[in-house]
Amino acid sequence: VKFEGGKLPSSIGGLIHLRFLSLYDAEVSHLPSSMGNLKLLLYLSLCVAAKEPVHVPNVLKEMLELRNLFLPSLMHDKTKLDLGDLVNLEELWYFSTQHSSVTDLLRITKLRSLSVSLSERVTFETQSSSLRQLRNLETLHLDFRYKTYTVDYVGELDLDFIHLKELGLTVHMSKIPDQHQFPPHLEHISLFYCRMEEDPMPTLEKLLHLKSVLLDTDAFVGRRMVCSKGGFPQLCALEISEESELEEWIVEEGS
């Protein structure tokens with residue numbers, strides 16, 4: 001729905017028994033402070049169709065029952081959200097270190113799905129030390145596209161989560177991390193904007209449990225890619241999209 005002036009009516013705060021609220025694709029740029037009254041919410045999606053940064057008041061900390069939280073992908077620069085008390089959260093999307101404290105994540109130990117956008121003022125080491133506390137994670141998406149330098153993953157980011165099944169990486173890196181740096185039971189991986197110069201297939205095809213691979217939007221900027229015989233023993237889906245430099249793709253028999 002399109003709200004007049006992009007403002008969600010403050011009367012939403014009167015629905016105190018609400019358990020589920022989704023503003024997915026609603027044209028909203030301002031959320032009222034009365035939303036803090038919705039203390040029984042279990043599910044909240046603020047994935048609005050934002051044409052401008054969204055103003056989110058610091059009221060989410062009141063929603064102690066929340067299990068699923070989807071924040072706006074684009075928030076006002078001055079937005080500050082306290083999320084550390086949401087200890088029942090199992091799913092948190094579009095968490096940004098620009099708008100919330102990394103240490104908030106340390107207390108949300110039930111998280112099973114998480115997507116994180118890293119701002120300039122947080123180091124990989126700080127982020128990594130926080131994520132290592134979340135031993136129940138099954139899905140993790142990391143978005144470092146706004147960092148101004150290329151990543152060398154060795155020693156910078158620990159991806160070895162014992163329960164992790166799905167991993168998404170949006171980050172510049174010249175080559176993919178070594179196979180031993182990936183979670184042991186990884187089933188799905190998505191790579192965006194990586195601009196890898198080395199063919200990632202020799203590493204990816206050795207991840208024995210992989211069922212799907214997505215290379216999208218300049219994930220790989222090399223010209224030649226090879227899938228070797230015996231690689232990807234369980235792969236069901238491979239999607240290669242918007243890899244403009246790719247000229248030659250060799251798929252050996254038995255791959």
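C194 is buried in this predicted model, with a relative accessible area of 1%, where buried stands for under 20% relative accessible area, exposed for over 50% and partly exposed for the range in between (1.4 Å probe, protein chains only). The other cysteine considered here, C47, counts as buried at 15% relative accessibility. A disulfide is a covalent bond between the sulfur atoms of two cysteines. With a disulfide taken as a pair of cysteine sulfur atoms within 2.5 Å, the count comes to zero.

Residues are numbered from 1 along each chain as its sequence is written, and because the model is predicted, local features need pLDDT of at least 70 and side-chain atom pairs count only at pLDDT 80 or more, while totals for chains, interfaces and linings use all residues. Side-chain values use heavy atoms, with hydrogens and water left out.

The sheet comes next. Helices (H or I, at least four residues) and strands (E, at least two) are DSSP runs, numbered from the N terminus, and two strands pair if DSSP finds at least two bridges between them. On this basis, 10 strands form an open sheet with parallel pairing, in the order β1-β2-β3-β4-β5-β6-β7-β8-β9-β11. At its edges lie β1 (20-22) and β11 (237-241), each of which pairs on one side only. From one strand to the next, the twist averages 10°; axes are lines fitted to C-alpha atoms, for helices over the stretch in contact, and angles run from 0 to 180 degrees between N-to-C directions. Strands of a sheet pair through backbone hydrogen bonds, either parallel or antiparallel. Within this sheet, β7 (residues 166-170) and β8 pair in the parallel sense over five bridges, and L167 has I189 of β8 as its bridge partner.

Rings of Phe, Tyr and Trp (its six-membered ring) pair if their centres lie within 6.5 Å, and planes under 30 degrees apart count as stacked, over 60 as edge-to-face and the rest as tilted. The structure holds two such pairs. F20 and Y43 are stacked, at 4.5 Å centre to centre and with 10° between the planes. Because F20 lies in strand β1 and Y43 in strand β2, this pair ties together parts that are 23 residues apart in sequence. Y43 is partly exposed, with a relative accessible area of 24%. The rings of Y43 and F70 have their centres 5.6 Å apart and their planes at 40°, so that pair is tilted. F70 itself is buried, with a relative accessible area of 14%. F20, Y43 and F70 together form one aromatic cluster.

Turning to charged side chains, a salt bridge is a side-chain nitrogen of Lys or Arg within 4 Å of a carboxyl oxygen of Asp or Glu. A search of the whole structure finds nine salt bridges. One of them joins R67 and E65 (3.9 Å, N to O). R67 counts as partly exposed at 28% relative accessibility, as does E65 at 33%. E65 lies in the loop between β2 (43-45) and β3. Leaving aside its neighbours within four places in sequence, E65 is in contact with K39, L40, L41, L42 and N88, contact meaning heavy atoms within 4.5 Å. E65 and R19 are 46 residues apart in sequence and 9.1 Å apart in space, C-alpha to C-alpha.

In another salt bridge, the closest N and O atoms of E90 and R112 are 2.9 Å apart. This pair links distant parts of the chain, 22 residues apart: E90 sits in the loop between β3 (68-70) and β4 (91-96), and R112 in the loop between α1 (102-106) and β5 (113-117). E90 is partly exposed at 28% relative accessibility, and R112 is partly exposed with a relative accessible area of 36%. R195 and D218 also meet in a salt bridge (3.5 Å, N to O). Here R195 is in the loop between β8 (188-192) and α3 (201-204), and D218 in the loop between β9 (212-216) and β10 (224-227), 23 residues apart.

Finally, backbone geometry draws attention to two residues. Most residues other than glycine have a negative phi, and most peptide bonds are trans. Y94, although not a glycine, has a positive phi of about 65°; this residue lies in strand β4. T217, likewise not a glycine, has a positive phi of about 55°. T217 is found in the loop between β9 and β10 and counts as buried at 16% relative accessibility.
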